[in-house]
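Open your viewer and get ready to click through a few selections with me. At each stop I will say what to select and what is there.

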Amino acid sequence: MEALVDEIGEGVSISFGGFAHSLTPMAVVREIVRRRIGRLTLIGIAEAWAADMLAGAGLIERMVFSNFMFEGFGLCRNFSRGIESGAFAIEDYSHFALAARMSAAGLGLPFAAVRSVLGSDMLEDETGGSRVTHEVFSSPFGDECVVLFPPAAPDIVVVHGQVGDTNGNVHILGATAVIEEQVRAGKKVLATVEEIVEPVELARRAADMVVPGLLVHKIAAVPYGAHPTGMYRLYDADYEHIREYVAASRDPEQFSDYLAGVTERGQAEYVRNLGVQRLLTLRPDPAYGYHLDRKGDQWTA
């Protein structure tokens, strides 16, 4: 993973896979924090974790996003404080508009055409000026209008999957969010996976391949690389850790202590500190791929 993170330099635009409390390449995020790689432009669609942690570490220069929140736990407080204090510039989109921008980049198109934001307040600020780069366009084939947005092509896209092979192919099980759009839009794709196997092993399950190796620049095996977010069929999101994170994020000093604790000695030490017993409690029901006995968990904002 260390060689993989070497590809991420100061001032790049970057996008992380994942949605809510699943699939986020958190080991890479923590390593970025450990190395203090800053002045980042983060392009994120509801992944929340990378955005909030990097904002709390003071490593963000610009944020291009759609709806960041810790689902079930409330606000992304570091992210919110950054906006309120003007610590970084922002561009706010709908999920679909930002995904469409990435799709356009992946297809090599000069713009994305979106109709759903018309009639909303997402295009203009409170003074009536433009909030984001866009053009309202009248169709030459009828009387309808659409909004044109520029393509979004991050310098770096980082994703985490259940398994990959030595050719860079990545299998992702369950809901994949917008990972397919991200990897096709990215100029350089970095992949971490729970384990790396020989290509013949993945060829038997070709339908699970979400990220083809021809798009991947580097791949690394990083067990528990998504923790505290979850990986379908391998481990659930760690609600206890999420509560610890949310509590720490309420106060910048406490959050600084939290960051030091989870980043100071790298991923291997991070996993050792979690302990075998803690990790075993996250193992899902093998038939369903997730816990069936978590109805009693009380999420707290």
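Start with Val 114, which you will find in strand β5 (residues 112-114). Keep in mind along the way that this is a predicted model. With a relative accessible area of 0%, Val 114 is buried, because the cut-off for that label is under 20%.

**Next stop: the aromatic rings**

How many aromatic pairs does a search of the whole structure find? The search returns 14. Select Phe 70 and Tyr 245 to see one of them: the ring centres are 5.5 Å apart and the planes meet at 75 degrees, so this pair is edge-to-face. Colour by secondary structure and you will see Phe 70 in the loop between β3 (60-66) and α4 (77-85), with Tyr 245 in helix α8 (residues 239-249); the pair therefore ties together parts that are 175 residues apart in sequence. Phe 70 counts as buried, at 0% relative accessibility, and Tyr 245 is also buried, at 0%.

Tyr 258 has 12% relative accessibility and counts as buried.

To finish this stop, show Trp 49 and Phe 255 as well: ring pairs link Trp 49, Phe 70, Tyr 245, Phe 255 and Tyr 258 into a cluster.

**Then: a charge over a ring, and a cavity**

Select Arg 30 and Tyr 270. The charged end of Arg 30 sits over the ring of Tyr 270, 3.7 Å from the ring centre. Both residues also belong to the lining of the largest cavity, along with Met 1, Ala 27, Glu 31, Arg 34, Val 262, Thr 263, Gly 266 and Gln 267. The structure holds 1 cavity of 30 Å³ or more, and the space in the largest cavity is about 50 Å³.

Which element gives the largest share of this lining? That is α2, with 4 residues. At least two lining residues come from each of α2 (26-35), α9 and α10 (266-274). Sorted by class, the lining has 4 nonpolar, 3 polar and 3 charged residues.

**On to an open pocket**

For the second largest pocket, select Gln 162, Val 163, Leu 173, Glu 194, Glu 195, Arg 205, Tyr 224, Tyr 232, Arg 233, Leu 234 and Tyr 235, which line it. About 210 Å³ of space lies in this pocket. Two strands to highlight are β8 (156-165) and β10 (188-197), each supplying at least two residues of the lining. The lining residues divide into 6 nonpolar, 1 polar and 4 charged.

**Last stop: cysteines**

Select Cys 76 and Cys 145. Is Cys 76 buried or exposed? Cys 76 is buried, at 1% relative accessibility, whereas Cys 145 is partly exposed, with a relative accessible area of 31%. Counting pairs of cysteine sulfur atoms within 2.5 Å gives 0 disulfides.

Notes: Residues are numbered from 1 along each chain as its sequence is written. This is a predicted model: local features need pLDDT of at least 70, side-chain atom pairs count only at pLDDT 80 or more; totals for chains, interfaces and linings use all residues. Side-chain values use heavy atoms; hydrogens and water are left out. Rings of Phe, Tyr and Trp (its six-membered ring) pair if their centres lie within 6.5 Å; planes under 30 degrees apart count as stacked, over 60 as edge-to-face and the rest as tilted. Buried means under 20% relative accessible area, exposed over 50%, partly exposed in between (1.4 Å probe, protein chains only). A charge sits over a ring if NZ of Lys or CZ of Arg is within 6 Å of the ring centre and within 35 degrees of the ring normal. On a 1 Å grid over the protein atoms alone, a cavity is a set of points where a 1.4 Å probe fits but cannot get out, and a pocket is an open set with protein on both sides within 12 Å along at least five of seven lines; lining residues have an atom within 4 Å of a point. Grid points are joined across faces, edges and corners, and a volume is the space filled by probe spheres set on the points. Ala, Val, Leu, Ile, Met, Phe, Trp, Tyr, Cys and Pro count as nonpolar, Asp, Glu, Lys and Arg as charged, and the others, Gly among them, as polar.
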